[in-house]
Amino acid sequence: MSIKTTGLHHVTAIGGDPQRNADFYLRTLGLRLVKTTVNFDDPGTYHLYYGDASGKPGSLMTFFPSRDAPSGRRGNGQATTTAFSVPAASIGWWRDHLAGAGITTGRIASRDGEDVLTFDDPDGLQIALVAHPQGDPRDPWDNGHVPAEHAIRGLHSVTLSVAEEEATADMFRDLGLTFTSQDSNRLRFSAGDGGPGAMVDVLVTPDAPRGLVAAGTVHHVAWRAPDEETQVSWRAELVDSGVNVTSILDRQYFRSIYFREPGGTLLEVATDQPGFAIDEPLLELGRALKLPPWLEPDREQIEQALPKLNLPSENNPDRE
Ligand code: ZN
(Lines give C-alpha, C1' and ligand atoms only; values in the text may rest on other atoms or scores of the structure.)
Protein backbone atom coordinates (compact mmCIF):
# COMPACT_ATOMS: atom_id res chain seq x y z
CA MET A 1 0.00 0.00 0.00
CA SER A 2 1.23 3.48 -0.80
CA ILE A 3 -1.56 5.23 1.13
CA LYS A 4 -0.20 7.87 3.47
CA THR A 5 -2.79 10.04 5.15
CA THR A 6 -1.26 12.98 7.02
CA GLY A 7 -3.87 13.05 9.76
CA LEU A 8 -7.47 13.53 10.76
CA HIS A 9 -9.71 15.55 8.43
CA HIS A 10 -12.91 15.65 10.53
CA VAL A 11 -15.04 13.71 12.97
CA THR A 12 -18.80 13.53 12.40
CA ALA A 13 -21.23 12.69 15.19
CA ILE A 14 -24.99 12.50 15.68
CA GLY A 15 -26.46 15.05 18.03
CA GLY A 16 -29.81 15.79 19.63
CA ASP A 17 -31.38 19.25 19.68
CA PRO A 18 -29.53 21.47 17.12
CA GLN A 19 -29.73 24.62 19.27
CA ARG A 20 -28.26 22.86 22.31
CA ASN A 21 -25.56 21.34 20.10
CA ALA A 22 -24.62 24.72 18.58
CA ASP A 23 -24.64 26.42 21.99
CA PHE A 24 -22.25 23.85 23.41
CA TYR A 25 -19.70 23.76 20.58
CA LEU A 26 -19.79 27.50 19.79
CA ARG A 27 -20.36 29.12 23.19
CA THR A 28 -18.91 26.60 25.64
CA LEU A 29 -16.07 25.11 23.56
CA GLY A 30 -15.53 28.30 21.54
CA LEU A 31 -15.26 26.79 18.07
CA ARG A 32 -16.32 28.62 14.92
CA LEU A 33 -19.37 27.60 12.91
CA VAL A 34 -17.75 27.23 9.48
CA LYS A 35 -20.73 25.83 7.58
CA THR A 36 -24.47 25.56 8.05
CA THR A 37 -25.86 23.00 5.67
CA VAL A 38 -27.94 19.83 5.66
CA ASN A 39 -27.10 16.15 5.68
CA PHE A 40 -26.82 15.56 1.92
CA ASP A 41 -28.14 12.02 2.43
CA ASP A 42 -31.06 13.27 4.61
CA PRO A 43 -31.78 16.95 3.83
CA GLY A 44 -34.36 17.25 6.64
CA THR A 45 -31.46 17.26 9.12
CA TYR A 46 -28.87 19.99 9.64
CA HIS A 47 -25.19 19.34 9.08
CA LEU A 48 -23.27 21.80 11.26
CA TYR A 49 -19.50 22.10 10.84
CA TYR A 50 -17.41 23.48 13.69
CA GLY A 51 -13.71 24.29 13.35
CA ASP A 52 -11.03 26.96 13.35
CA ALA A 53 -11.18 30.32 11.52
CA SER A 54 -11.30 28.78 8.04
CA GLY A 55 -12.32 25.22 8.89
CA LYS A 56 -8.97 23.67 8.05
CA PRO A 57 -8.78 19.88 7.80
CA GLY A 58 -7.90 18.55 11.23
CA SER A 59 -9.84 21.28 13.04
CA LEU A 60 -13.30 19.99 12.12
CA MET A 61 -16.00 18.39 14.23
CA THR A 62 -19.35 18.09 12.49
CA PHE A 63 -22.82 17.06 13.62
CA PHE A 64 -26.07 15.77 12.27
CA PRO A 65 -28.21 17.17 15.11
CA SER A 66 -31.88 16.25 15.31
CA ARG A 67 -34.45 16.46 18.10
CA ASP A 68 -35.89 13.19 16.80
CA ALA A 69 -32.66 11.23 16.96
CA PRO A 70 -32.88 8.28 19.37
CA SER A 71 -30.04 7.91 21.88
CA GLY A 72 -27.07 5.78 20.96
CA ARG A 73 -24.88 3.56 23.11
CA ARG A 74 -21.13 3.87 23.47
CA GLY A 75 -19.27 0.65 22.78
CA ASN A 76 -17.08 -1.41 20.54
CA GLY A 77 -17.09 -0.72 16.84
CA GLN A 78 -17.16 3.05 17.39
CA ALA A 79 -14.99 6.07 17.94
CA THR A 80 -15.80 6.40 21.64
CA THR A 81 -13.78 9.54 22.46
CA THR A 82 -13.11 12.59 20.32
CA ALA A 83 -10.18 14.60 21.65
CA PHE A 84 -9.37 18.25 21.00
CA SER A 85 -5.94 19.82 21.47
CA VAL A 86 -5.47 22.66 23.98
CA PRO A 87 -2.34 24.44 25.30
CA ALA A 88 -0.60 22.72 28.22
CA ALA A 89 -1.08 25.67 30.55
CA SER A 90 -4.82 25.78 29.82
CA ILE A 91 -6.10 22.46 31.14
CA GLY A 92 -6.92 23.92 34.57
CA TRP A 93 -8.67 26.89 32.94
CA TRP A 94 -10.82 24.47 30.95
CA ARG A 95 -11.75 22.45 34.03
CA ASP A 96 -12.99 25.63 35.72
CA HIS A 97 -14.67 26.93 32.56
CA LEU A 98 -16.57 23.68 32.03
CA ALA A 99 -17.56 23.52 35.69
CA GLY A 100 -18.90 27.08 35.33
CA ALA A 101 -20.97 25.91 32.36
CA GLY A 102 -22.43 23.09 34.43
CA ILE A 103 -20.39 20.34 32.75
CA THR A 104 -19.11 17.58 35.02
CA THR A 105 -15.58 16.58 34.12
CA GLY A 106 -13.31 13.82 35.30
CA ARG A 107 -10.10 14.68 37.10
CA ILE A 108 -7.19 15.85 34.95
CA ALA A 109 -5.41 12.61 34.10
CA SER A 110 -1.85 12.16 32.92
CA ARG A 111 -1.40 9.66 30.11
CA ASP A 112 1.67 9.08 28.01
CA GLY A 113 3.05 12.53 28.95
CA GLU A 114 -0.21 14.30 28.10
CA ASP A 115 -2.80 15.94 30.37
CA VAL A 116 -6.32 14.69 29.61
CA LEU A 117 -9.65 16.18 30.74
CA THR A 118 -12.68 14.07 29.82
CA PHE A 119 -16.39 14.97 29.85
CA ASP A 120 -19.61 14.37 27.95
CA ASP A 121 -21.31 16.85 25.64
CA PRO A 122 -25.05 17.52 26.28
CA ASP A 123 -26.00 14.42 24.26
CA GLY A 124 -23.57 12.11 26.05
CA LEU A 125 -20.84 12.20 23.41
CA GLN A 126 -17.50 11.69 25.12
CA ILE A 127 -15.07 14.55 24.52
CA ALA A 128 -11.53 14.96 25.82
CA LEU A 129 -9.34 18.03 25.93
CA VAL A 130 -5.70 17.01 25.70
CA ALA A 131 -2.54 19.04 26.21
CA HIS A 132 0.42 17.65 24.29
CA PRO A 133 3.81 18.24 26.00
CA GLN A 134 5.30 19.63 22.77
CA GLY A 135 2.37 22.03 22.35
CA ASP A 136 0.39 22.55 19.16
CA PRO A 137 1.51 25.13 16.56
CA ARG A 138 -1.95 25.51 14.99
CA ASP A 139 -3.74 28.87 15.29
CA PRO A 140 -7.06 28.83 17.13
CA TRP A 141 -10.27 30.65 16.23
CA ASP A 142 -9.74 33.75 18.32
CA ASN A 143 -13.08 35.47 18.02
CA GLY A 144 -15.18 32.99 19.94
CA HIS A 145 -16.32 32.65 23.51
CA VAL A 146 -12.96 31.28 24.71
CA PRO A 147 -9.85 33.51 25.01
CA ALA A 148 -7.35 32.73 22.24
CA GLU A 149 -4.63 31.75 24.74
CA HIS A 150 -6.79 28.83 25.95
CA ALA A 151 -8.70 28.06 22.77
CA ILE A 152 -8.93 24.67 21.12
CA ARG A 153 -6.23 24.26 18.42
CA GLY A 154 -8.00 21.54 16.49
CA LEU A 155 -8.62 17.84 16.83
CA HIS A 156 -6.07 15.96 18.90
CA SER A 157 -7.05 12.33 18.24
CA VAL A 158 -9.89 9.86 18.29
CA THR A 159 -10.15 6.70 20.34
CA LEU A 160 -11.65 3.67 18.61
CA SER A 161 -12.97 0.91 20.85
CA VAL A 162 -12.55 -2.60 19.45
CA ALA A 163 -13.01 -6.12 20.74
CA GLU A 164 -9.93 -7.37 18.94
CA GLU A 165 -6.90 -5.32 17.96
CA GLU A 166 -5.15 -7.01 15.08
CA ALA A 167 -7.36 -6.36 12.05
CA THR A 168 -8.04 -2.75 13.09
CA ALA A 169 -4.31 -2.14 13.60
CA ASP A 170 -3.64 -3.59 10.13
CA MET A 171 -6.20 -1.24 8.60
CA PHE A 172 -4.51 1.81 10.12
CA ARG A 173 -1.13 0.56 8.90
CA ASP A 174 -2.70 0.24 5.43
CA LEU A 175 -3.75 3.90 5.66
CA GLY A 176 -0.13 4.83 6.32
CA LEU A 177 -0.17 5.20 10.11
CA THR A 178 2.54 3.71 12.29
CA PHE A 179 2.31 2.20 15.77
CA THR A 180 3.96 4.67 18.13
CA SER A 181 3.16 3.74 21.74
CA GLN A 182 1.13 1.56 24.05
CA ASP A 183 -0.38 2.29 27.45
CA SER A 184 -1.98 -0.89 28.81
CA ASN A 185 -4.82 -1.79 26.41
CA ARG A 186 -4.50 1.50 24.47
CA LEU A 187 -2.41 1.38 21.28
CA ARG A 188 -1.49 4.66 19.61
CA PHE A 189 -0.97 5.01 15.87
CA SER A 190 0.33 8.18 14.23
CA ALA A 191 0.03 9.56 10.73
CA GLY A 192 2.76 11.57 9.03
CA ASP A 193 4.82 13.41 11.64
CA GLY A 194 2.32 12.53 14.36
CA GLY A 195 1.34 14.89 17.16
CA PRO A 196 -2.04 16.56 17.74
CA GLY A 197 -4.41 16.03 14.83
CA ALA A 198 -2.56 13.02 13.47
CA MET A 199 -3.23 10.25 15.96
CA VAL A 200 -5.69 7.46 16.65
CA ASP A 201 -5.84 5.39 19.82
CA VAL A 202 -7.13 1.84 19.47
CA LEU A 203 -8.63 0.80 22.81
CA VAL A 204 -8.93 -2.98 23.10
CA THR A 205 -11.94 -3.86 25.27
CA PRO A 206 -12.99 -7.46 24.54
CA ASP A 207 -15.71 -7.46 27.20
CA ALA A 208 -17.37 -4.15 26.32
CA PRO A 209 -20.79 -4.19 24.66
CA ARG A 210 -21.17 -3.40 21.01
CA GLY A 211 -21.93 0.28 20.42
CA LEU A 212 -25.08 1.61 18.81
CA VAL A 213 -24.61 4.58 16.50
CA ALA A 214 -27.30 7.23 17.19
CA ALA A 215 -27.47 10.52 19.13
CA GLY A 216 -24.44 11.04 21.35
CA THR A 217 -22.13 8.82 19.34
CA VAL A 218 -19.64 9.32 16.52
CA HIS A 219 -20.94 8.46 13.05
CA HIS A 220 -17.58 8.35 11.26
CA VAL A 221 -13.95 9.47 11.36
CA ALA A 222 -12.43 11.11 8.28
CA TRP A 223 -8.75 11.08 7.29
CA ARG A 224 -6.99 13.48 4.96
CA ALA A 225 -6.14 12.98 1.30
CA PRO A 226 -4.24 15.87 -0.30
CA ASP A 227 -6.20 15.96 -3.56
CA GLU A 228 -8.69 14.13 -5.76
CA GLU A 229 -6.05 12.40 -7.87
CA THR A 230 -4.46 10.88 -4.77
CA GLN A 231 -7.88 9.88 -3.46
CA VAL A 232 -8.62 8.04 -6.71
CA SER A 233 -5.42 6.03 -6.46
CA TRP A 234 -5.90 5.29 -2.74
CA ARG A 235 -9.43 4.12 -3.45
CA ALA A 236 -8.13 1.73 -6.13
CA GLU A 237 -5.58 0.33 -3.68
CA LEU A 238 -8.25 -0.25 -1.03
CA VAL A 239 -10.51 -1.96 -3.56
CA ASP A 240 -7.61 -4.15 -4.72
CA SER A 241 -6.94 -5.24 -1.16
CA GLY A 242 -10.57 -6.31 -0.71
CA VAL A 243 -11.96 -3.34 1.23
CA ASN A 244 -15.60 -2.52 0.45
CA VAL A 245 -15.27 1.19 -0.47
CA THR A 246 -18.01 3.53 -1.69
CA SER A 247 -17.65 5.44 -4.93
CA ILE A 248 -16.25 8.97 -4.66
CA LEU A 249 -18.98 11.26 -3.33
CA ASP A 250 -19.18 15.02 -3.82
CA ARG A 251 -19.56 16.59 -0.37
CA GLN A 252 -19.28 20.11 -1.83
CA TYR A 253 -16.45 21.13 0.54
CA PHE A 254 -14.41 17.95 -0.09
CA ARG A 255 -14.69 14.64 -1.97
CA SER A 256 -15.26 11.55 0.13
CA ILE A 257 -14.96 7.79 0.14
CA TYR A 258 -16.24 5.64 3.00
CA PHE A 259 -15.40 2.16 4.27
CA ARG A 260 -15.43 0.30 7.58
CA GLU A 261 -12.40 -0.75 9.56
CA PRO A 262 -12.70 -4.41 10.61
CA GLY A 263 -13.71 -3.47 14.17
CA GLY A 264 -16.83 -1.78 12.83
CA THR A 265 -16.13 1.97 12.85
CA LEU A 266 -17.04 3.83 9.66
CA LEU A 267 -14.01 5.63 8.20
CA GLU A 268 -13.81 8.22 5.45
CA VAL A 269 -10.99 9.61 3.35
CA ALA A 270 -11.72 13.25 2.46
CA THR A 271 -9.80 15.65 0.25
CA ASP A 272 -8.29 18.86 1.64
CA GLN A 273 -9.84 20.86 -1.23
CA PRO A 274 -11.94 22.78 -2.11
CA GLY A 275 -12.75 23.84 1.48
CA PHE A 276 -15.44 26.03 3.00
CA ALA A 277 -14.87 29.30 1.14
CA ILE A 278 -16.14 27.71 -2.08
CA ASP A 279 -19.71 29.01 -1.61
CA GLU A 280 -19.45 31.98 0.79
CA PRO A 281 -16.77 34.49 1.86
CA LEU A 282 -14.43 33.45 4.66
CA LEU A 283 -15.74 36.22 6.92
CA GLU A 284 -19.31 35.00 6.52
CA LEU A 285 -18.78 31.27 7.03
CA GLY A 286 -21.74 29.57 8.66
CA ARG A 287 -24.01 32.57 8.44
CA ALA A 288 -26.47 31.35 5.81
CA LEU A 289 -27.92 27.93 5.09
CA LYS A 290 -25.87 26.60 2.18
CA LEU A 291 -27.17 23.85 -0.05
CA PRO A 292 -25.38 21.96 -2.81
CA PRO A 293 -26.64 22.72 -6.35
CA TRP A 294 -28.69 19.52 -6.52
CA LEU A 295 -30.71 20.50 -3.40
CA GLU A 296 -31.23 24.19 -4.30
CA PRO A 297 -34.53 23.47 -6.10
CA ASP A 298 -35.92 22.20 -2.76
CA ARG A 299 -34.61 25.11 -0.65
CA GLU A 300 -37.98 26.46 0.44
CA GLN A 301 -39.21 23.08 1.62
CA ILE A 302 -35.89 22.28 3.33
CA GLU A 303 -35.79 25.64 5.17
CA GLN A 304 -39.34 25.19 6.42
CA ALA A 305 -38.56 21.78 7.85
CA LEU A 306 -35.45 22.88 9.78
CA PRO A 307 -35.74 24.45 13.25
CA LYS A 308 -34.47 28.03 13.42
CA LEU A 309 -31.10 28.47 15.14
CA ASN A 310 -30.08 31.36 17.38
CA LEU A 311 -26.35 31.61 16.73
CA PRO A 312 -23.81 33.72 18.62
CA SER A 313 -22.85 37.07 17.13
CA GLU A 314 -19.24 35.94 16.58
CA ASN A 315 -20.51 33.52 14.01
CA ASN A 316 -23.47 35.45 12.73
CA PRO A 317 -23.30 39.17 13.48
CA ASP A 318 -26.57 39.84 11.69
CA ARG A 319 -28.56 37.28 13.61
CA GLU A 320 -28.21 38.18 17.26
ZN1 ZN B 1 -17.47 12.94 6.87
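**Group meeting: a cavity, a sheet and some aromatic pairs**

β5 (78-85), β7, β8, β9 and β11 each supply at least two residues to the lining of the largest cavity. Strands here are DSSP runs of E of at least two residues, helices are runs of H or I of at least four, and both are numbered from the N terminus. What you see is a predicted model, where local features need pLDDT of at least 70 and side-chain atom pairs count only at pLDDT 80 or more, while totals for chains, interfaces and linings use all residues. Residues are numbered from 1 along each chain as its sequence is written, and side-chain values use heavy atoms, with hydrogens and water left out.

Back to the cavity. Its volume is about 70 Å³, and β9 gives the most to the lining, with three residues. The lining has 13 residues, and the closest to the centre are Arg111, Val130, Ser157, Arg188 and Asp201. A cavity is a set of points, on a 1 Å grid over the protein atoms alone, where a 1.4 Å probe fits but cannot get out; lining residues have an atom within 4 Å of a point. Points are joined across faces, edges and corners, and the volume is the space filled by probe spheres set on them.

Next, the sheet. An open sheet of eight strands runs in the order β6-β7-β8-β5-β9-β12-β11-β10, with mixed pairing; two strands pair if DSSP finds at least two bridges between them. β6 (109-111) and β10 (178-183) are at the edges with a single partner strand each, so one side of each has no neighbour in the sheet. Between β7 (residues 114-120) and β8 (residues 126-131), which are antiparallel, there are six bridges. Asp115 stands opposite Ala131 in β8.

Last, the aromatic residues. The structure holds 13 aromatic pairs, meaning rings of Phe, Tyr and Trp (its six-membered ring) with centres within 6.5 Å; planes under 30 degrees apart are stacked, over 60 edge-to-face, the rest tilted. Tyr49 and Tyr253 form an edge-to-face pair, 6.1 Å centre to centre with 75° between the planes. Tyr49 is in strand β3 (residues 42-51) and Tyr253 in the loop between β14 (249-250) and β15 (255-260), so this pair ties together parts 204 residues apart in sequence. Are these two buried or exposed? Both Tyr49 and Tyr253 are buried (under 20% relative accessible area with a 1.4 Å probe and protein chains only; exposed is over 50%, partly exposed in between). Elsewhere, Phe24, Tyr25, Tyr50, Phe63 and Phe119 form one aromatic cluster.

Note on methods. On a 1 Å grid over the protein atoms alone, a cavity is a set of points where a 1.4 Å probe fits but cannot get out, and a pocket is an open set with protein on both sides within 12 Å along at least five of seven lines; lining residues have an atom within 4 Å of a point.
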